[in-house]
Amino acid sequence: MANLGPGDGREAGSHEHGYVVGQDNIQRRFGPFEVDVHNPVFIISGLVSVLFVVFTLAFQEEAASFFGWLRPTLTSAFDWFFLAAANVFVVVCLVLVVSPYGKVRLGGADAKPDFGLLPWFSMLFAAGMGIGLMFYGVAEPISHYSAAVAPDAGTAASWAPLAGAPNDPAEAMRLSMAASIYHWGLHPWAIYAVLGLALALFAFNRGLPLTVRSIFYPILGKRIWGWPGHVIDILAVFATLFGLATSLGFGAEQASAGIEFLFGVPATEGTKVLLIIGITLVALLSVVLGLEVGVRRLSELNITLAALLMLFMIVMGPTALILTGFVDNLVAYIEYLPALANPVGREDANFAQGWTSFYWAWWISWSPFVGMFIARVSRGRTVREFITCTLLIPSLVTVLWMTALGGTAIDEIVAHGRAFVADAPLELKLFALLEGFPLTAVTSFVGIVLVVVFFVTSSDSGSLVIDSITAGGKTDSPTPQRVFWCLFEGMVAIALLLGGGLVALQAMAVSTGFPFTFVLLGACVALVKGLASERAIQRSLAPKRARA
């Protein structure tokens, strides 16, 4: 993974930028510890992170008030911007996958994939969705259904998507599933794909450092080595750190609720803090083991357990309804997609601002982490393979997951009158659903394990990514640096939980996602320019490779 040069006959040191990865780093040894960090990205990012944790814990009431104001302010004022930007990312990906640029190979025309298809897909899917699908897979479809079928659906006070479907349970179910898939389908994966593809292209094909600033070389040139590049990378660190903290906080909420449900241990703030500490320590072990052993094995375990849970729901639940619902929900998603993605003139303000704007900001704040992680494991793939496996296939898997869990939950409420599934708190809805099926203790325990392992993979993958950014793009930096960021991800999650709970977690995801949206829009321009140049290079080298 350390070799970022092209694999098609170009010399590894023959890049026009003339930059050596890590040349601006500070390298020091303090006794047994060695540091190799970028100046000033690491210093500013680390210092601000430390100060944030200290002040949030010291002024918890003031922090809670501030976070309670911040999220609705941003999502209500800039909902149109988040929705329009996400649409741009989808269009860019779909155009690229059918364009001649789809033949460009990451790492050069002769590059070979570092990972097999299944381990590769397992890692990117576990990194991209993880805890979120566990938290919202049951909760979101139920929430949308309850709002859509209510008599006040379509009014200003309603949280129903679009105009809802008052007193029409069948259509309310279609709409609720379409809205849920919208939030977990093409749009979030397009956000990840744009950044991941751009990072992989400029790192593996152009020999630039594996940092977000490198994407902007076609636009900024050598200015990316100065303060414009420093600012981009610092924004990426903050977006990753707080986006991850949001997900880790959700994971702690759900895991503690599941433990209380299964074992009777109260889900207090102390329990959640201890849970974050314990899982962060497990993540440390995976960080020390590295990408090949720790992250890969945990990701494969995640996918296996998630597939078993989904298969259990398909077999033990309303099997025919789930199998036919997969097609019906996919059709409903396509049917409602233009209206759901419309950024202007929306009458469902609560849904567009409270759900969609938050989601897009959250995904965008995750994009440096997921995009860079996907880039690191995608050398040797063509652009067409990359987009297919990071956009289209995950979206179809998401439809099946939402149908198996969310569709079953709605059926339990409508057909079997199990209202307590709908009435359960967000973090308990998954366990409330499982209670109505055989082997409740086993499946609930698997659910808790899934949340915990997703928690670990998110933390250790995020640590590797943040460390790479703050180490000037190096992927083999000293282990203590990765340990530092792994610990601080847990500390930020604890600080946000104590300083405002889920509201604080969501507020920080939105506040870091907003400025990074501009970075992603610029990345789209740079990506197209870079692919045009790379395709010309690979075509010009084709005769030379044929003669060889």
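**Helix geometry, packing and salt bridges in a predicted model**

Helix H17 covers residues 440-470, and its 31 residues should span 45 Å at 1.5 Å a residue. Its end C-alpha atoms lie 44 Å apart, which agrees. The expected span is 1.5 Å times one less than the number of residues. Helices here are DSSP runs (H or I, at least four residues), numbered from the N terminus. H17 is mostly covered, with 25 of its 31 residues buried. Buried means under 20% relative accessible area, exposed means over 50%, and partly exposed lies in between (1.4 Å probe, protein chains only). Just after H17, Gly472 adopts a positive phi of about 70 degrees.

The model is predicted: local features need pLDDT of at least 70, side-chain atom pairs count only at pLDDT 80 or more, and totals for chains, interfaces and linings use all residues. Residues are numbered from 1 along each chain as its sequence is written, and side-chain values use heavy atoms, with hydrogens and water left out.

Two packed helices are described by the angle between their axes and the distance between the axes. Helix H7 (residues 186-205) and helix H13 (residues 349-376) have axes that come within 7 Å and cross at roughly 35 degrees. Axes are lines fitted to C-alpha atoms, for helices over the stretch in contact, and angles run from 0 to 180 degrees between N-to-C directions. The crossing of H7 past H13 is right-handed, that is, the near helix is turned clockwise from the far one by less than a right angle.

A search of the whole structure finds 10 salt bridges. A salt bridge is a side-chain nitrogen of Lys or Arg within 4 Å of a carboxyl oxygen of Asp or Glu. Asp348 and Arg346 pair at 2.9 Å, N to O. Both Asp348 and Arg346 are buried. Arg29 bridges to Glu34, with the closest N and O atoms 3.4 Å apart. Arg29 is exposed at 55% relative accessible area, whereas Glu34 is partly exposed at 36%. Glu385 and Arg381 meet at 3.8 Å, N to O. Glu385 is partly exposed at 31%, and Arg381 is buried at 6%. Glu171, Arg174 and Glu335 are linked in a network of salt bridges.

Conventions:
Helix = DSSP H or I, 4+ residues; strand = E, 2+ residues; numbered from the N terminus.
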